[in-house]
Amino acid sequence: MFHPRRTVTRRTLRALLLPLAAGLALTALPAQTATAASTLTNAGFETDGTGAASPNGWTEYGDTGASFVESGGHGGSYRLSHWASTAYKVETYQYLSGLTNGSYKLTAWVRSGGGQNAAYIALKGCGGTDQRTDLPVSSSGWVHIVTPVNVTNGQCTISINSDANAGNWINVDDLAFTSGTTGLAIKGSDISSLAKSEAKGGVYKTSSGTTGDAVTILKNAGMNYARLKVWVDPADGYNNKTRVLAMAKRVKAAGMKLLVDFHYSDTWADPGAQSKPAAWSGHSYSQLKTDVYNHTYDVLNALKAQGTTADMVQVGNEINGGMMWSEGSTDNWGQLAGLLNSGYDAVKAVDSSTTVALHLAKGGDLTGTRWWFDSALSNGVKFDAIGLSYYGYWHGTLADFQTTLDDAAARYAKPVFVAETAYPFRLDSDDSLTNQIDLSSELVTGYPATAAGQLAWMNAVANIVEAVPNGRGLGIFYWEATWTAVTGNGWDPADAASGNGWENQALFGYDDKALSSMAWFSHR
């Protein structure tokens with residue numbers, strides 16, 4: 001979870017067309033005549049040339065001069081843009097009727113410079129609850145978004161909206177309205193810090209200030225999956241087999257599923273550190289394979305015996321360079337493959353239905369992800385799913401992330417998920433340790449360090465996972481929801497005085513109250 005900084009590029013949208021009177025409210029649609037249709041007209045805006053003020057097949061409402069067609073499309077020559085030199089509110093919409101009732105989804109390729117009061121695509125008047133997807137802030141690359149809806153009255157309106165300040169812009173192109181459903185099976189979080197936090201006096205409250213159980217508070221917010229890391233013999237006695245067994249009971253009692261994250265270490269395993277447990281030091285490679293098998297089997301079998309079988313298991317944590325160095329380094333793929341397969345075999349020996357995932361911290365690194373998994377497959381590594389860490393301030397743009405995630409799902413025909421992501425809700429520290437992200441210059445452009453910014457970031461990432469083709473986007477684990485600043489619960493298990501550099505990215509505030517950003521767990 002500690003990675004190099006990211007860079008952000010920007011683009012400039014040229015001025016085109018002044019708006020009409022700014023500030024018109026976008027409320028009810030004006031009267032229109034229904035025409036039977038099941039597909040969108042001019043979905044790629046190719047019928048119109050640059051400067052077209054009213055795209056063929058589409059209607060505009062509000063400050064109509066701020067909605068226009070220009071060159072520079074995603075798949076073709078043209079795109080729809082919203083822009084004006086003064087504040088504006090505009091809606092570009094298309095009404096469909098004659099639809100067979102059922103489940104539909106709208107997909108679109110979008111870009112946005114951010115800064116708007118609101119910028120989104122909505123499906124409304126479809127007979128049920130209106131659905132909306134906010135446009136992610138992505139100035140340098142197109143992002144594919146999806147919005148599902150249930151049509152019950154044979155009609156639906158596709159609505160592109162901007163409530164914007166002067167100079168704000170969006171681009172939209174290549175829309176498609178088709179039958180089908182989307183959604184996230186996993187809306188989870190890592191809560192590995194919770195047991196120690198509670199033991200050291202950590203308190204968790206609802207948004208209204210009532211002290212309660214953190215697991216219950218998260219569950220009530222919509223969390224449905226918990227991730228727990230396992231260390232072999234940690235210095236502080238937490239995140240080991242005994243502690244994981246106890247926490248698993250709480251997770252399952254709350255009706256959540258369980259991901260067990262094996263680090264195969266006594267402390268943090270990540271791209272910069274993959275140290276073997278002290279108890280395995282000096283073991284031969286052959287013995288290390290046995291160690292991995294026995295440790296994995298022991299923990300998982302104990303979980304199964306107490307009625308809390310793991311639903312998913314990570315064999316290794318952020319294993320960009322392999323695990324259990326040096327024997328399991330990517331410098332020796334044959335040996336790394338043997339260790340990974342020992343873990344896989346142990347998982348399946350306990351319960352064949354448990355999903356085995358491999359986890360890299362390469363969210364926006366297409367080349368690196370391909371190299372790693374191509375190497376894994378060529379060496380016979382077995383796995384069921386792919387997990388990627390994606391922190392926008394370290395791992396590239398949202399467009400980079402989507403490209404990598406979609407490619408992994410298609411190239412390896414495996415389900416994919418975000419094993420870790422997070423975002424700050426403030427920049428200052430609640431303890432003496434400087435936070436990992438504590439400067440405004442480190443933030444992702446368009447996403448402020450506020451609870452609203454944290455929620456917007458999570459919804460943007462969630463929508464990208466939801467939009468993975470062929471339903472292969474499983475979901476997201478937030479890292480780390482409950483790691484608030486509690487004395488004695490710092491980052492170093494061997495140092496009780498170590499601080500927590502992550503409390504500004506928890507989902508509980510410095511007043512211990514649940515943040516409004518927990519609403520991301522309710523993402524469809």
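The buried residues of helix α8 pack against β7 (131-134), β8, α7, β17 (416-421) and β18 (473-478). Contact here means heavy atoms within 4.5 Å. Buried means under 20% relative accessible area, with exposed over 50% and partly exposed in between (1.4 Å probe, protein chains only).

This is a predicted model: local features need pLDDT of at least 70, side-chain atom pairs count only at pLDDT 80 or more, and totals for chains, interfaces and linings use all residues. Residues are numbered from 1 along each chain as its sequence is written, and side-chain values use heavy atoms, leaving out hydrogens and water.

Helix α8 covers residues 451-466. Helices (H or I, at least four residues) and strands (E, at least two) are DSSP runs, numbered from the N terminus. Its buried residues include Trp457, Met458, Ile464 and Glu466.

Helix α8 also gives the most to the lining of the largest pocket, with eight residues. Each of β6 (118-124), β7, β8 and α8 supplies at least two lining residues. The lining counts 30 residues; Thr133, Asp134, Leu135, Ala456 and Asn459 lie nearest the centre. A pocket is an open set of points on a 1 Å grid over the protein atoms alone, where a 1.4 Å probe fits, with protein on both sides within 12 Å along at least five of seven lines; lining residues have an atom within 4 Å of a point. The volume is about 670 Å³.

**The open sheet**

Five strands form an open, antiparallel sheet in the order β2-β3-β10-β5-β8. Two strands pair if DSSP finds at least two bridges between them. The edges are β2 (67-71) and β8 (138-151). Neighbouring strands are turned by 35 degrees on average, direction ignored. Strand β5 (residues 102-112) joins β8 over 10 bridges. Thr107 stands opposite Val146 in β8.

**The barrel**

Eight strands, β11-β12-β13-β14-β15-β16-β17-β18, close into a barrel with parallel pairing. The twist averages 25 degrees from one strand to the next. Four bridges join β17 to β18. Phe417 has Gly475 in β18 as its bridge partner.

**Helices on strands**

Axes are lines fitted to C-alpha atoms, for helices over the stretch in contact, and angles run from 0 to 180 degrees between N-to-C directions.

| α7 (398-412) | β5, β8 | about 60 degrees to β8 |

How values were computed
Expected span 1.5 Å × (residues − 1). Points joined across faces, edges and corners; volume = space filled by probe spheres on them.
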